[in-house]
Amino acid sequence: MSRKNRRGARPAPPPKWYVSPLFVAIVSVVGLVASVASVLIATAAFDQDSAALTSELRIVSYEATSLDKIPMKMSEGEEEPAADASISAAAVDVAVENLHDQSALITRVDVQVRAVHALRACGGGPLSATAEFDILIPTDRKVAGQVFGQGKMFEVEGKRKDRFAVSVGPERLIENDLVQIFHVDLLLRLQTGETVRADDIMLVPPGSAQDDDRIVTTLGTTKTGFAGSPECLRRARAMVDAAVGAKAAKQAPRLAALHAKLHAVGY
């Protein structure tokens with residue numbers, strides 16, 4: 001075909017079915033179906049990803065316990081360098097189970113404070129200390145109802161059980177501190193945004209019978225001679241009474257022994 005002849009040729013008219021209303025309607029329906037299918041496929045993919053992140057982590061058991069050899073720094077005053085030492089701490093022992101095939105990741109551990117009962121002697125010196133507890137409870141303000149914690153990565157593999165312990169203690173220890181009692185709920189924050197709870201735990205740092213005897217003696221007792229004051233001892237006894245009266249679901253074993261020792265005193 002020559003160039004001239006190509007210029008003069010007219011394009012063939014479109015077939016009648018191409019411009020018919022029925023064909024346009026069919027094309028529109030096919031396009032709509034394809035769009036809906038794309039949305040459904042994308043949604044299914046999103047749901048599958050979400051399912052992979054959905055954990056089925058549950059707490060199998062938990063107890064009020066203790067942890068030993070928590071690093072601590074002690075100081076006699078502002079000018080004195082801190083000395084390294086260690087301390088035993090109140091802790092929560094938690095056993096968990098992951099019912100899902102995928103791993104579950106705990107990203108943060110918090111405690112919500114119900115109450116704090118701080119037994120303190122009526123006098124004290126400049127000695128102070130700080131310890132590396134997992135969760136620190138402020139000592140300079142009221143904390144009931146507040147939440148404290150730290151980021152703590154802990155992975156529980158799919159279809160597995162695991163356990164860990166979390167120590168809880170005051171931000172600062174001072175010389176006249178005898179024992180700190182914490183009534184808390186434990187909150188495990190998961191990567192999925194879920195929270196798994198272990199509620200109603202009464203924590204008391206570990207101590208021997210001799211330690212409890214020294215507490216009673218320091219506060220004041222008629223059996224070993226005056227070493228504190230009756231009012232000081234009565235105040236401490238009221239705090240321990242309140243802790244025992246709370247009837248926590250999980251209670252540190254030392255609490256009952258300390259309670260009995262304080263009530264053995266005659267005033």
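Mentor: Welcome! Two strands pair if DSSP finds at least two bridges between them; strands here are DSSP runs of E with at least two residues, helices are runs of H or I with at least four, and both are numbered from the N terminus. This is a predicted model, in which local features need pLDDT of at least 70 and side-chain atom pairs count only at pLDDT 80 or more, while totals for chains, interfaces and linings use all residues. Residues are numbered from 1 along each chain as its sequence is written, and side-chain values use heavy atoms, with hydrogens and water left out.

Trainee: How many helices and strands does the protein have?

Mentor: There are five helices and 11 strands. The strands include a group of five that form an open sheet with mixed pairing, in the order β6-β3-β9-β10-β11. At its edges are β6 and β11 (250-251), each pairing on one side only.

Trainee: How many bridges join β3 to strand β9?

Mentor: β3 and β9 (residues 177-190) run antiparallel and are joined by 13 bridges. To follow them, find Ile106, whose bridge partner in β9 is Leu190, then Asp110, whose partner in β9 is Leu187. β3 (residues 104-120) also pairs with β6 (residues 147-156), again in the antiparallel sense, over eight bridges. There, Ala104 stands opposite Val156 in β6.

Trainee: And the other sheet: in what order do its six strands come?

Mentor: Its order is β5-β7-β2-β1-β4-β8, an open sheet with mixed pairing. β5 (135-137) and β8 (173-174) are the edge strands, each pairing on one side only. Inside this sheet, β2 and β7 run antiparallel and share eight bridges; Val96, for example, has Asp162 as its bridge partner in β7.

Trainee: Now the charged side chains. How many salt bridges does the structure hold?

Mentor: The general idea is that side chains of opposite charge can pair when their charged atoms come close. A salt bridge is counted when a side-chain nitrogen of Lys or Arg is within 4 Å of a carboxyl oxygen of Asp or Glu. The structure holds 18 of them. One is Asp93 with Arg163, where the closest N and O atoms are 2.6 Å apart. This pair links distant parts of the chain, 70 residues apart: Asp93 lies in β2 (residues 83-98) and Arg163 in β7 (residues 161-170).

Trainee: Is Asp93 buried or exposed?

Mentor: Buried means under 20% relative accessible area, exposed means over 50%, and partly exposed is in between (1.4 Å probe, protein chains only). Asp93 has 18% relative accessibility, so Asp93 counts as buried. Arg163 has 54%, so Arg163 counts as exposed. Of the 267 residues of the protein, 34% count as buried.

Trainee: Which residue forms a salt bridge with Asp110?

Mentor: Arg108 does, with the closest N and O atoms 2.8 Å apart. Arg108, at 33% relative accessibility, is partly exposed, whereas Asp110, at 4%, is buried. Another pair is Asp212 with Arg254, with a closest N to O distance of 2.8 Å. Asp212 belongs to helix α3 (residues 209-219) and Arg254 to helix α5 (residues 254-263), so this pair ties together parts that are 42 residues apart in sequence. Both Asp212 and Arg254 are buried.

Trainee: At what angle do helix α4 and α5 pack?

Mentor: Two packed helices are described by the angle between their axes and the distance between the axes. Axes are lines fitted to C-alpha atoms, for helices over the stretch in contact, and angles run from 0 to 180 degrees between N-to-C directions. α4 (residues 230-245) and α5 pack at about 145°, their axes 10 Å apart.

Trainee: Which residues in α4 meet α5?

Mentor: Contact means heavy atoms within 4.5 Å. From α4 come Leu233, Ala236, Arg237, Val240, Asp241, Ala243 and Val244, and they meet Leu255, Leu258, His259, Leu262 and His263 in α5.
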